[in-house]
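Q: Could we go through the aromatic side chains of this model together?

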Amino acid sequence: IPYKYYSLPFCKPLEGVKDSAENLGELLMGDRIENSPYRFKMYTNESEIYLCKSNPLSADEFKILKERIDEMYQVNLNLDNLPAIRYMRKDDFLLRWTGYPVGIQVQNVYYVFNHLKFTVLVHKYEQTNMADVIGAGDGAELITTTSDKSSTDVKGYMVVGFEVVPCSFQHGNELLKNVTTYGKYPSSIVCDPSTVAMAIKEGQPITFSYEVSFVESDIKWPSRWDAYLKMEGSKVHWFSILNSLLVIFFLAGIVIVIFLRTIRRDLARYEELDKEAQAQVNEELSGWKLVVGDVFRAPNNPELLCVMVADGLRILGMAAVTNFFAALGFMSPASRGALITGMLLFYIFLGVVAGYVAVWLLRTITCGESRGWFSVSWRVACFFPGIAFLILTILNFLLWGSHSTGAIPFSTYLVLLLLWFCISVPLTLLGGFIGTKTPRLEFPVRINQISREIPAQRFPSWLIVFGAGTVPFGEIFIELFFIMSSIWLGRVYYVFGFLFIVLILLVVVCAEVSLVITYMHLCVEDWRWWWKSFFASGSVAIYIFLYSINYLVFDLKSLSGPVSAALYLGYSLFMAIAIMLATGAVGFLSSFLFVHRLFSSVKID
């Protein structure tokens, strides 16, 4: 659960706490940026800078500070839009973290990191005869011009890196009597991150200080994010892709055997017979050829199926488009909240496609009836967004009760509702109306008036369906670990190129799994394939949610309290539902086209 920095007994700016303007994506992610009390002068090294001395810790402040240390809360700082990065060496590995911990517990004693050692990497540039605009992220912009020759040698510096080392240092109270804010501490401060000294105690104040050094670097401005986006474990990502390709080739072999050998052989033999022989053979047919009069019989709740397929296709399109633009670099992490904002906008405008698919599919299933298109389009516009709003509202009440900055403001709720009902819903209805004007897909065979009895099965069919979800899960679980670590452990994830490849492979695997499961059911004369083809690939969401629980137990050990666990499980459930709809839509549409193509090859009088 994120909290405001100044909810703890830390130093505040002399000019007061001011909030920066956040975009929609930042508000949804719970990012709240405030000004800090730290002051830097460009390319001026300073040390032993006294910041402030807090009031004696009250019982409540002491309790909250201990809780934040136990829960391993991190403080995130930004300089010129660059997050503070912290390096730590462990077992010959150099680990990178954004931010620094509030404190640490050593032998049942709590210590706070009250001295920060900043290192600012700068790149020198020489100004040319042009007007330059030097931005500082959330700070003011400086506009400089060089119109005469005397100013061509003016030099400046650009911030290309921001590092922090937190230390725990015990200041002497006697030395602080004549020191003011931003004054120099009269004794040297040795910042050693391997030792701790400033123990927190109830009724005693905390003294804060810092130092800053500027280091000239060869890193240029366009490359300053490389330290944050440097891909770790690339071999693991390639192993994930190789694992996915092996799964695809294995399933492709099964599909080829089914299609090229079994089905084509049966069709070839059937078409070589004359009508009398075909009639005689029909009495001896078995397997999928016996359900020719029932295979296109409308499933139970066809409207709900169409809604779920349309919403799943919408989510898949949003993920693909967002991932594509992120892989091309259009959604840089320097633009905070751009990824979430882009996903939301893509989802809204893809409502046209969702409405069209839902109505067109329903007209195909019901053999051309256009009645009820408005109702189906309305359900598409409200089904998944309604689930999302329900989950987010429940979680938001928990955040409001915890006084967390992660709570979505009421004004943001109004903006989301306006986007939903004023843009998303009309676009979805427009797509549904277009779907009524588009020719539907004709079934190649007639549907019998009386449905065929399904023989008793040796194994429960739904057990096979839900078991099929393990195959696509095995394709994505490696990449899923990196995504979960990025979301819940604050690690930067920007290998969208790998993620885009994995997404394509996931679509292929889901299609192949659904085809195999559908064909297996048709071979045992089970013509109720509609919902089973959806959940054959959509059941991967079950295993993703179970993996989320496993990740909570074994990887998020620092997550404490029922509210934090409820938030984690709520967001994991939301993610699992979205994945179920997207993968289920892929499986259903691929099976639908396969069944239509298969029975289009059968000659029926």
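**Aromatic pairs and surface**

A: Helix α16 (residues 562–600) holds both Phe588 and Phe592, 4 residues apart, about one turn of the helix. Helices are DSSP runs of H or I with at least four residues, strands are runs of E with at least two, and both are numbered from the N terminus. This is a predicted model, in which local features need pLDDT of at least 70, side-chain atom pairs count only at pLDDT 80 or more, and totals for chains, interfaces and linings use all residues. Residues are numbered from 1 along each chain as its sequence is written, and side-chain values use heavy atoms, with hydrogens and water left out.

Q: Are Phe588 and Phe592 buried or exposed?
A: Phe588 and Phe592 are both buried (under 20% relative accessible area; exposed is over 50%, partly exposed in between; 1.4 Å probe, protein chains only).

Q: How many aromatic pairs does the structure hold?
A: There are 42 aromatic pairs (ring centres of Phe, Tyr or Trp, the last by its six-membered ring, within 6.5 Å; planes under 30 degrees apart are stacked, over 60 edge-to-face, the rest tilted). One of them, Phe325 with Phe346, is stacked, at 5.9 Å centre to centre and 15° between the planes. That pair links distant parts of the chain, with Phe325 in helix α6 (residues 302–327) and Phe346 in helix α7 (residues 338–349), 21 residues apart.

Q: And which residue lies over the face of Tyr347?
A: Arg314 does, at 4.0 Å from the ring centre (the criterion is NZ of Lys or CZ of Arg within 6 Å of the centre and within 35 degrees of the ring normal). Likewise, the charged end of Arg68 sits over the ring of Tyr73, 5.4 Å from its centre.
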